[in-house]
Amino acid sequence: MISLLDCFFYSISSMLVASSLAVILVRHPVRAALFLVLSFVMAAMLWMLLEAEFLSLVLIFVYVGAIMTLFLFVIMMLPAEESLSWKKWRGFPFALLLFALLLSLLFYMLKHSLLLGASASPADTTSTYTNTQAIGHILYTQYALPFEMIGILLLVAMVAAIMLTFRGRRVDAKGQCINKQVRASKQDQLKLVNIPSEGEKG
Amino acid sequence: MIGLSHYLSVSAIIFSISILGLMINHRNLITLLMCIELMLLAVSTNFIAFARYLHQPAGEVFVFLILAVAAAESAIGLAILVLWFRQHHSVDVEQLNRLKG
């Protein structure tokens with residue numbers, strides 16, 4: 001008997017596999033990026049089925065919202081350069097062989113793994129359980145140091161990305177001249193003039 | 001009933017697809033970066049499935065860390081890509097042979 005949850009799982013994962021196949025087979029980079037967005041959304045739904053609500057929404061915010069936008073910006077800054085068709089590449093059968101080998105190895109390990117037999121049941125969660133709270137609880141106690149280090153890593157990455165692409169100030173760039181601003185006085189800027197009002201004339 | 005092995009199979013398939021993508025799209029640097037993102041996604045799905053079925057919320061913390069590292073990696077990778085394009089007007093991997101490796 002196939003339940004509704006199974007239906008969801010199979011449809012979502014088949015769309016995930018199909019869109020990730022499209023990412024690697026489509027020749028135009030913009031289309032590949034859009035298919036990558038679709039596969040991220042599908043993966044977020046899969047994570048939702050695993051009751052990892054916080055991470056699934058973070059995946060959508062961070063990947064679909066930020067990283068894929070960055071990818072699209074870079075793709076559109078570069079000229080539209082279609083990648084070579086994989087059909088013409090002579091190494092394609094070899095790559096396919098390697099793919100089949102890797103996949104069969106992974107499935108072999110999956111079948112003979114000791115971990116899988118022991119735990120068939122997922123964690124049964126009560127109605128007061130929230131995923132965000134559970135992650136936050138462990139993240140701020142046991143994993144506080146890695147959490148801080150990841151913040152430093154992001155800062156370093158940001159500085160590195162800016163340093164790499166920053167080309168220095170232009171010669172004719174407009175900007176503030178702070179000492180002039182500080183030295184400015186009221187007498188330089190402001191001039192009071194006496195103008196008779198309209199009412200006095202008439 | 002969906003078990004742990006179902007999720008692991010899906011992520012194994014995605015991981016192999018992205019390895020295949022790394023091999024067949026070996027000319028365009030942007031597509032290579034996208035395949036690496038797909039690979040990280042498969043690994044994160046594994047982590048979350050294990051976290052749920054082995055009752056260990058620590059697995060989800062590691063997915064959190066993976067997301068941050070992936071963000072840093074793609075930011076720096078794209079910055080290097082833009083820099084390379086400015087100098088050589090091409091992102092063809094075949095021409096990235098300055099080190100003669």
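Colleague: Is Ser11(B) buried or exposed?
Modeller: One note before the answer: this is a predicted model, where local features need pLDDT of at least 70, side-chain atom pairs count only at pLDDT 80 or more, and totals for chains, interfaces and linings use all residues. Residues are numbered from 1 along each chain as its sequence is written, chains are lettered from A and ligands numbered from 1 in the order in which they are written, and side-chain values use heavy atoms, with hydrogens and water left out. Ser11(B) sits in helix α1 (residues 4–24) of chain B, helices (H or I, at least four residues) and strands (E, at least two) being DSSP runs numbered from the N terminus. Buried means under 20% relative accessible area, exposed over 50% and partly exposed in between, with a 1.4 Å probe and protein chains only, so at 4% Ser11(B) is buried.

Colleague: Which residues is Ser11(B) in contact with, beyond its neighbours within four places in sequence?
Modeller: Contact here means heavy atoms within 4.5 Å. With those sequence neighbours set aside, the partners of Ser11(B) are Ala42(B), Thr45(B) and Asn46(B).

Colleague: Thanks! How do α3(A) and α2(B) run relative to each other?
Modeller: Helix α3 (residues 53–77) of chain A packs with helix α2 (residues 29–53) of chain B at about 175°, and their axes are 12 Å apart. Axes are lines fitted to C-alpha atoms, for helices over the stretch in contact, and angles run from 0 to 180 degrees between N-to-C directions. Angles under 35 degrees count as roughly parallel, over 145 as roughly antiparallel, 65 to 115 as roughly perpendicular and the rest as oblique. The two helices are therefore roughly antiparallel.

Colleague: How many nonpolar, polar and charged residues are in that contact of α3(A) with α2(B)?
Modeller: The α3(A) side includes Leu55(A), Tyr63(A) and Phe71(A), and the α2(B) side includes Leu33(B), Glu37(B) and Ile48(B). Ala, Val, Leu, Ile, Met, Phe, Trp, Tyr, Cys and Pro count as nonpolar, Asp, Glu, Lys and Arg as charged, and the others, Gly among them, as polar. By class the contact has 11 nonpolar, no polar and 1 charged residues.

Colleague: How many of the 25 residues of α2(B) are buried?
Modeller: The end C-alpha atoms of α2(B) are 37 Å apart, in agreement with the 36 Å that its 25 residues should span at 1.5 Å a residue; the expected span is 1.5 Å times one less than the number of residues. The helix is largely enclosed by the rest of the structure, because its buried residues number 18 of the 25.

Colleague: Where does Glu51(A) lie?
Modeller: Glu51(A) is not a glycine, yet its phi is positive, about 60°. Its relative accessibility of 26% makes it partly exposed. Its place is the loop between α2 (29–49) and α3 of chain A.

Colleague: Last one: how many helices and strands are there in chain A?
Modeller: Along the sequence, chain A reads α-α-α-α-α-α-α-α-α-α. Buried residues make up 30% of its 202 residues. The count for chain A is 10 helices and 0 strands.
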